[in-house]
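User: I'm new to this one and would like to learn how to read it. Could you walk me through a few features?

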Amino acid sequence: FQSGVTTMSRPGSQSRYSPDLGPAPQVAKQAGVGLMLGENTNFDGVVVKQLVPKGAADRTGKVKVGDQLLQVGDQDVSMQTVTDLRHLIIGEIGSIVEVMFKSASTGEVYAVQLQRGTPEYLDGSTSRPDSRAGSVRGSVDSMGPERSTGSVGRPANAREAFASMHEENDWLRSALKLAESHITRDKEELKSLHSIFDRQKEERDARVASLEEQIIVRDGERREADARAWAAEEARRAADQKLGEAARREHTHKEEARKVYENEQMRLEYIQELKRRFEEEKSGMVDELVKMQDGMRVERAKRVDLEATEHSLRQDLQRLKDAYRSVVAKNNHAAELIREQAEHVREIQRQNSSLTILLSEIQPRLTVLEQDVFSNTRLGWDSVPASSRASPVISSMPSSALPLPRDDDHAVIMA
């Protein structure tokens, strides 16, 4: 809903079926105060959505986007809808209406007196010392509006009707620029949320394309209206027909604007729902991150314990390696001694082996000699006198200590 749109009428125009006998009775034009209003999704009242550039509200410098309407004239509107406010704000062009707002940023309650009219009308009215587009009364604590009205001139001929329609066209241009600024802002918002709404990109692009097509169509109709306005300067009857067509188009435009507003409200609700889901998913991810951080801290503590245990084991292993090296050195020394002893034993064994071979060679000869000696001893013992026998000392000597007989001795004994 745009309260600053001026309602078209046909001032100073005659009936298309009557002769040109003079000016017809004039009808006062209607206008707003340059506010675009809307309702929040939670409905906490009607708030300012946009200010018409150079409109009455914009000229005060006090009214800001987001401020809430509390009172229009002497009527409380804090709980009313945008539709209910339409007939309160729109009125006769040039008249004064007092509107009370609540600031969205500071919470301050203030009242301003706004003059109804288009930016072009207000530009013309600023040259009159007794006229004002909008004045700020200041902060208030209670509701006490003062209302004043002003007179408005009425067109008396076709030139004034053309000027009025030209003002209407300028207003439509301002409204078109406002709509374009809304579309630009919507595009920027959609781009900023592109990562979240990627799946809805096609639908969003189709909606924007549809709005752009509507803007193109409206721009074409506006150009056609300008052409008809110039033609109306030459033919008033043709201008009356074109004004009627303009009125019908205005009704169509209002219906389209209402549909666009409803679609915008649905889009905003959808965006809010997506934001809520995003916040829920973000909260879940934060919880998961906290859990992961706790797990990482536990794993880090375990890793520190394992590193300490590993360090202790490495020290034990180093001690074992040192002990092992010592044992290996001792074993190598013992092995060296064993090898030396083994070599000595092998040398003794070789000597024993040589002695054994020598004994095995000498033993038969010793046996033969012993037998010969024994036999010779028995033969010659009896013939030896008792005084010549061996002394007990000699007889008691072992046989190994006795001198072995030589071959020549044996020969003598045998002779």
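User: Which residues does Phe 101 touch, not counting residues up to four places away in sequence?

Analyst: A contact means heavy atoms within 4.5 Å. By that rule, and leaving out residues up to four places away in sequence, Phe 101 touches Leu 35, Val 48, Val 63, Asp 67, Gln 68, Leu 69, Leu 70, Glu 108, Val 109, Tyr 110 and Val 112. A quick note: this is a predicted model, where local features need pLDDT of at least 70, side-chain atom pairs count only at pLDDT 80 or more, and totals for chains, interfaces and linings use all residues. Residues are numbered from 1 along each chain as its sequence is written, and side-chain values use heavy atoms, with hydrogens and water left out.

User: Which residues touch the most other members of the largest nonpolar core?

Analyst: In soluble globular proteins, nonpolar side chains tend to be buried together. A nonpolar core is a set of buried Ala, Val, Leu, Ile, Met, Phe, Trp, Tyr and Cys residues joined through side-chain atoms within 4.5 Å; buried means under 20% relative accessible area, exposed over 50%, partly exposed in between (1.4 Å probe, protein chains only). Here the largest core has 26 residues, and Leu 35, Val 63, Leu 69, Val 72, Leu 85 and Phe 101 touch the most other members. H2 gives the most to this core, four residues; helices (H or I, at least four residues) and strands (E, at least two) are DSSP runs, numbered from the N terminus.

User: Is Gln 68 buried or exposed?

Analyst: Gln 68 sits in strand S4 and is buried, at 17% relative accessible area.

User: What is phi of Lys 54 near?

Analyst: Most residues other than glycine have a negative phi. Phi of Lys 54, though, is positive, near 65°.
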